[in-house]
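Subject: Structure handover

Hi,

Here is the structure for your files. My notes follow below it.

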Amino acid sequence: MTEHAAWLARLALNGERRLLVISGRADWCERQAGAWFGPDGLWLGPGPDACAPQPLGHISRLLGREYRVLVYNAHGGFHPQAFGALLGTARAGGLVLLLCPPLALWPARGDPDLARHVALPEQAEGLYSLFLQRLVRLLQEDPEVLFHCEGGPAPAPRLPPPRPWRCRPDRHGCLNPGQRHALAVLLAATRRRRPVLLTADRGRGKSALLGRLAARLARRGLSLALTAPSPATAARALEHAAGGLGFIAPDALLATTPPLDVLLVDEAAAIPVPMLLALAQRYCCVFATTEHGYEGTGLGFQLKFRPALARLAPERRQARLEEPARWSRHDPLEPLVFRLLALDADPPSPPPAGRLRFTLPEPAGLAGDETLLRQVFGLLALAHYQTNPDDLRRLLDAPGHRLLLAWRGPVPVAAAWLVREGELAPALGREIRQGRRRPRGHLLPQSLAFHGGLEAACGFSYQRVTRIVVHPGVQRQGLGGQLLAEVVRRADTDFVGASFGASPELLAFWQQQGFRAVRLGLTADGVSGMHAAMVLRPLSERARAVLPGWRAQFAADLAFFARGPLAGWLRRHPGLRLLPPLADPHRDARLAAEFARGHRDLAADRPLLARLAGHRLGQARLSIAERALLTDLLDPGADTVTLARAHGLAGQKAAIRALRRLVGLLLADPQ
């Protein structure tokens with residue numbers, strides 16, 4: 001048996017996995033990886049046709065499977081979330097190959113993945129990657145990582161001591177005593193109609209155990225459903241349920257409230273806490289979540305949801321899966337990926353009192369201070385249910401991204417993630433307004449220009465607050481307001497703004513800080529059930545001059561939607577309707593003309609098109625059928641697909657084409 005074969009056989013015996021970094025020119029790396037690759041392998045990223053390489057975008061389709069050899073070709077870009085998810089598919093005894101440029105040169109090579117984090121692709125050229133600099137350092141510090149560098153010798157792997165590991169399911173399908181105990185806890189809790197929490201790190205068999213629980217409950221004749229952030233997230237549990245379980249999205253559950261004996265919630269940490277509590281009030285729930293995974297963060301679940309559920313249901317039960325189900329507890333690959341992607345980053349406990357001081361650390365300082373980086377990334381994970389490893393790269397590498405930290409003594413207790421936006425070229429602003437261009441980032445000016453038709457918004461500068469978080473241990477002490485006041489004090493832009501899920505509490509918080517709403521998303525988030533609100537606070541004289549007009553235009557559009565499906569929602573949020581509606585008829589006509597020429601979007605333009613029709617339809621030379629179609633399509637609650645069928649049109653696209661023609665006729669008629 002060769003040295004490498006003996007090494008792989010020992011890994012299989014021990015149930016352990018390893019990472020081999022192959023660095024050099026792309027073609028050389030691919031040749032070296034090909035010598036390890038086999039029929040039970042997976043190649044992600046660029047590669048030879050014989051290896052059936054899969055694009056990065058297909059990673060979600062591959063989760064839940066297992067492979068003996070995994071190849072991640074980072075010459076095509078290092079995507080942190082895809083890499084972390086990929087490592088979770090390496091089976092016990094498996095090998096992961098990371099192909100990359102020479103390690104000393106890699107951070108300065110202009111990694112292709114950086115194109116996802118800049119507004120225009122050419123801005124990624126020449127960017128130095130602090131994320132990759134840190135990644136290389138952590139890889140080189142790990143004694144279990146092997147390296148094969150072009151021009152150097154092949155690695156001589158160290159044979160680990162024999163630690164035999166076996167993975168055989170018992171008659172209940174459980175792989176270890178921890179799973180058997182957890183299944184017993186879940187069965188007892190659901191029998192007594194008590195809520196139960198099931199937590200685990202990745203690879204513990206949580207979703208599989210949830211599916212087996214569903215199969216047992218279905219055999220008892222109980223009515224069940226499974227909810228999760230997405231159908232893809234729920235796939236593993238559904239597979240193990242053996243057909244006795246159906247999926248329903250969280251927002252659909254709360255909207256329809258079907259009768260159920262037990263509701264299973266998978267990856268609960270990626271669902272907002274208010275929605276989880278609403279589900280707990282309606283159903284007997286099993287809340288299962290990965291505490292340190294790629295679907296979201298478990299910190300908000302742990303620090304916010306657990307105490308709230310304890311108050312709501314003191315009789316709740318809990319179970320935790322500690323032992324890995326798919327590899328040995330001695331496996332070094334799992335702790336490595338946790339370090340690389342900061343999956344287990346937890347913020348320290350804050351002092352209960354003390355004065356605040358503020359710092360704005362440079363990204364290079366964060367990349368070089370592992371303790372501080374893990375502290376602040378842990379804080380950010382508390383702020384948002386979808387924090388993931390890509391955010392770590394964005395924080396270190398994306399231009400214009402900074403963190404403002406609030407400290408008490410030696411501990412960061414609050415953080416605001418800031419992004420500079422705006423000051424776009426006039427030609428680009430015009431194309432954005434017309435719907436021809438949508439560069440990455442620049443959320444505030446792009447939304448105002450396209451959805452609001454406010455092209456001038458692209459010329460202003462913005463400091464956008466993408467996340468703001470205060471450690472739960474010191475909340476309700478006014479720290480969030482103090483932090484936001486410091487953001488405003490330090491900003492050198494025309495506006496400070498934000499976009500967030502518009503709960504009444506959050507709207508009130510931002511309005512108390514002097515921010516005013518300028519836009520409302522028309523579609524509720526599928527997980528949180530909330531509409532996105534956009535708020536601005538003007539800082540410069542020219543910003544203060546234009547904001548009243550923008551808000552009056554927003555109020556005019558909002559008055560239109562108040563007659564449709566948003567009516568109930570708007571009644572619960574009266575703070576959005578503070579200005580009298582005042583639309584600019586010349587602006588309406590200009591945007592309507594662009595809509596008629598095939599630009600822009602019906603959902604964004606329906607209010608102004610309805611105002612235009614209200615002024616001009618009486619004198620327009622349209623047939624009765626054309627008037628009916630125009631009126632129906634411009635109703636606030638119009639369903640374009642249904643109306644297309646009702647009017648004998650082929651579908652939604654045909655209905656919008658007809659509407660563009662009718663708007664053109666309205667504009668052509670002399671008034």
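Is glutamate 423 buried or exposed? Glutamate 423 counts as exposed because its relative accessibility is 52%. (Buried means under 20% relative accessible area, exposed over 50%, partly exposed in between, with a 1.4 Å probe and protein chains only.)

Some ground rules. This is a predicted model, where local features need pLDDT of at least 70, side-chain atom pairs count only at pLDDT 80 or more, and totals for chains, interfaces and linings use all residues. Residues are numbered from 1 along each chain as its sequence is written, and side-chain values use heavy atoms, leaving out hydrogens and water.

Backbone
Glutamate 423 is not a glycine, yet it has a positive phi of about 55°. It sits in the loop between strand S13 (411–422) and helix H16 (426–434). (Helices, H or I with at least four residues, and strands, E with at least two, are DSSP runs numbered from the N terminus.) Arginine 600 is not a glycine either, and has a positive phi of about 65°. It lies in the loop between helix H22 (585–596) and helix H23 (602–616). Arginine 600 is buried, because its relative accessible area is 7%.

Cysteines
The structure holds 0 disulfides (pairs of cysteine sulfur atoms within 2.5 Å). For cysteine 29, the nearest cysteine sulfur is that of cysteine 100, 6.4 Å away. Cysteine 29 counts as buried, at 0% relative accessibility. Cysteine 149 is in no disulfide either; its nearest cysteine sulfur, that of cysteine 100, is 7.9 Å away. Cysteine 149 is partly exposed, at 33% relative accessibility.

Best wishes
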